[in-house]
Amino acid sequence: MTDAAELRRRTQELLTAYPPASTDRLDFLKARFDAGLAWVHYPEGLGGLGAPRSLQAVVDAELEAAGAPDNDPRRIGIGLGMAAPTILRYGTEEQKQRYLRPLWTGEEVWCQLFSEPGAGSDLAALGTRAVREGDAWVVNGQKVWTSSAHLARWAILIARTDPDVPKHQGITYFVCDMTDPGVEVRPLRQITGEAEFNEVFLTDVRIPESRRLGEIGDGWRVAQTTLMNERVSIGGMRLPREGGMIGPVSKTWRERPELRTHDLHQRLLKLWVEAEVARLTGERLRQQLVAGQPGPEGSGMKLAFARLNQEISGLEVELLGEEGLLYDDWTMRRPELVDFTGRDAGYRYLRSKGNSIEGGTSEVLLNIVAERVLGLPAEPRTDKDVAWKDLAR
Amino acid sequence: MSTQPDLLYSEEEEALRAAVRDLLTDHCGAPDVIARTESDTPHDQELWKLLTDGMGLAGLLVPEDRGGQGASHREVAVVLEELGRAVAPVPYLTSAVVATEALLACDGSAGLLTRLASGRTIGALAVALHLTPGAAFPVVRVEDGLLHGGLTGIADASAADVLLVPADDGGLYAVEADAVTVVPQVSLDLTRPVGRVVLRSAAGHRVGDAEPAVRRALRAAAGLLASEQLGLADWSLTETVRYLKERTQFNRPVGGFQALKHRLAQLWLEVVHLRAAARGAADALATGEDVDVSVAVAQAYAAPVAVRAAEEALQLHGGIGMTWEHPAHLYLKRAKADSLAYGTAGAHRAALADLVDLQAP
């Protein structure tokens, strides 16, 4: 059994063998992975030690104190949060060995090819086809809302391999090489002016059979692992008081008394309270996870943060008065990650509109909470026993 | 703030919850509570005896060497959740929390504190229920060592054996109930009635200074009231979900309509948040860390959620929710009265403006 003391000892060993000050960043990250200190709850040989997940904090604290480099987790969030848990659960031994180490060190960025123009909330309606040809699958279709596609080496991809069965049954899960011929990434300019997302066109892309993840036709079940991890990571951040969007607006309020009005004061206080309570709810969820008693609270955190971000950033634009009429920069750029704090209030206001859409719309999440948490009857379904090819499109 | 509050329930707290809930299930059914509200004795004295004599719950906040259980606000919060869930007509918040906290701030109160901890004596702080912690409170006159005056809006006054009365000399006086006249007022909340206390040359015993005692009592009350509100809201949600799974209209369970599912999911989310806020306040009171902000946050959040939960329960029950025999109205009345008790959400937000430096224009 690996306990906190043992992890501290191993961490110190790593720091002695690879002093952060004199070691190349990537070399250090590779050594950390090989020492099993990347994600301690992963198996030995795959960057972990099979230790309790909660003990990761012990390692992180020691490394931070020693000034060790990190792997820039926000930049590689899709790999860490979505691809890795799915590969760990469904991948073959060869796949785990091939993908996990460069994924974790950040050498290889991942993206996620799920959503399509005609399959967003109804993701299982997707129409991208994968047809078996010998030892490979030939893929054709179009994906959308793909963050990091322009930076990614690999993608997790779901595609339809059998149109003659109901929609959830005919899907298969693959790892797609983004450098393969036939993969075309086009920036998708958004409401903010920048192109954080992409469209990805797949034309006769050949994916070897060895890059299938899970069984043929079992892709929907595999994708559930990915999506569950996405929602947990969207809602499960640990925040200090005023750590979220309420921080910048509170700061402006304190520093610029000339902007204050009674109406804005009432709304600010109300949102400050809600932000603090949401923070406590996230903290309570985290404590439940550490105690090994995950609650259903996670299903709702994303809903709460989406609404809060939108209301707070809207208030912030109003608070700024004349400045609220301005926008920092409409230049079309392709950022590596979403940077709420590096941009101004107008950007925050516009970008937060996506919080209630990305990773499942708030309306669909409310249905999920009502059905899975409260046990209310499911929505009536007309697509359940119908072959995908016979569905309305 | 480096440390995070402990927001979970311990195993002991869950065991306590189970014991209190079992007892309330057996002895505090809604039809009896409704019938009692129209009787001469709105408080359930037998239930009080079971909770205090039987389980020792009145002494949770009192140290063991003064006859109590030496527990903390965390355990009291769990008891209040269950009492809220049952809208139990017992003076627990007023006696075991408010009066007890007031006495804990006083030096000359050891004997009385022990009596309150046993539950055989019920105490009430003679400060109006709606007052915010830190607000100015009315006092009575002291003349020749006797007390004169009248105080209104005193919660559970009619159940009290001893009233703790603030006077114009800055003292807090313990006055036995037979030395005063309690005039019941017609209360919005039938299960926590308020009354007017009249003192005509009443003899009292000075137990300490009123100001710190009242402040401490009201702050603990405001923080722990959030747990009672959580219990109320949780009952409202749970009972409405249960009903909407059974009730059919248009040949479908009503709970299958998306408009209603979304309302209930939204309410669930707010109850989940309320639980974190209430736990935060209870833990802060227990540890003494970050108390003022935690209490103000919890109270600013709790009242609107509890009221909305009760209002949603009533609406979603349809016509039956409007009837006297269905308990929904008890919860609505308690939730609305609670939204005034120990300061409104607005008053707590105003307090926060100072505490976290978000000043008004």
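1. A cavity, as the word is used here, is a set of grid points where a 1.4 Å probe fits but cannot get out. The structure is a predicted model, and by this rule it holds three cavities of 30 Å³ or more. Rolling a probe the size of a water molecule over the atoms shows where empty space is left.

2. Which residues line the largest cavity? The lining consists of T94(B), V98(B), L125(B), V127(B), L129(B), A155(B), L218(B) and Y342(B). The volume of the largest cavity is about 70 Å³. By class, its lining comprises seven nonpolar residues, one polar residue and no charged residue.

3. Pockets, in contrast to cavities, are open sets of points. The second largest pocket has a volume of about 500 Å³. It is lined by 28 residues, of which D40(B), P42(B), H43(B), S158(B) and P193(B) are the closest to its centre.

4. Which elements give two or more residues to the lining of the second largest pocket? They are α3 (45–54), β6 (181–184) and β7 (194–203), which belong to chain B. The greatest contribution is that of β6(B), with three residues. The lining of this pocket contains 13 nonpolar, 10 polar and five charged residues.

5. The crossing of α5(B) past α6(B) is left-handed.

6. The contact between these two helices can be described residue by residue. From α5(B), the residues S95(B), A99(B), T100(B), L103(B) and L104(B) meet L112(B), L113(B) and L116(B) of α6(B). Six of the residues in this contact are nonpolar, two are polar and none is charged.

7. The contact of α8(B) with α9(B) contains 17 nonpolar, five polar and four charged residues.

8. Helix α4 (residues 77–90) and helix α5 (residues 93–105) of chain A pack at an angle of about 165 degrees, and their axes are 10 Å apart. With this angle, α4(A) is roughly antiparallel to α5(A). The helix α4(A) passes α5(A) in a left-handed crossing.

9. Which residues make the contact between α4(A) and α5(A)? On the side of α4(A) they are G79(A), L80(A), A83(A), A84(A), I87(A) and L88(A). On the side of α5(A) they are Q95(A), K96(A), Y99(A), L100(A), L103(A) and W104(A). By class, the contact of α4(A) with α5(A) divides into nine nonpolar residues, two polar residues and one charged residue.

Conventions:
Residues are numbered from 1 along each chain as its sequence is written. Chains are lettered from A and ligands numbered from 1 in the order in which they are written. This is a predicted model: local features need pLDDT of at least 70, side-chain atom pairs count only at pLDDT 80 or more; totals for chains, interfaces and linings use all residues. Side-chain values use heavy atoms; hydrogens and water are left out. A crossing is left-handed if the near helix is turned anticlockwise from the far one by less than a right angle, and right-handed if clockwise. Helices (H or I, at least four residues) and strands (E, at least two) are DSSP runs, numbered from the N terminus. Contact means heavy atoms within 4.5 Å. Ala, Val, Leu, Ile, Met, Phe, Trp, Tyr, Cys and Pro count as nonpolar, Asp, Glu, Lys and Arg as charged, and the others, Gly among them, as polar. On a 1 Å grid over the protein atoms alone, a cavity is a set of points where a 1.4 Å probe fits but cannot get out, and a pocket is an open set with protein on both sides within 12 Å along at least five of seven lines; lining residues have an atom within 4 Å of a point. Grid points are joined across faces, edges and corners, and a volume is the space filled by probe spheres set on the points. Axes are lines fitted to C-alpha atoms, for helices over the stretch in contact, and angles run from 0 to 180 degrees between N-to-C directions. Angles under 35 degrees count as roughly parallel, over 145 as roughly antiparallel, 65 to 115 as roughly perpendicular and the rest as oblique.
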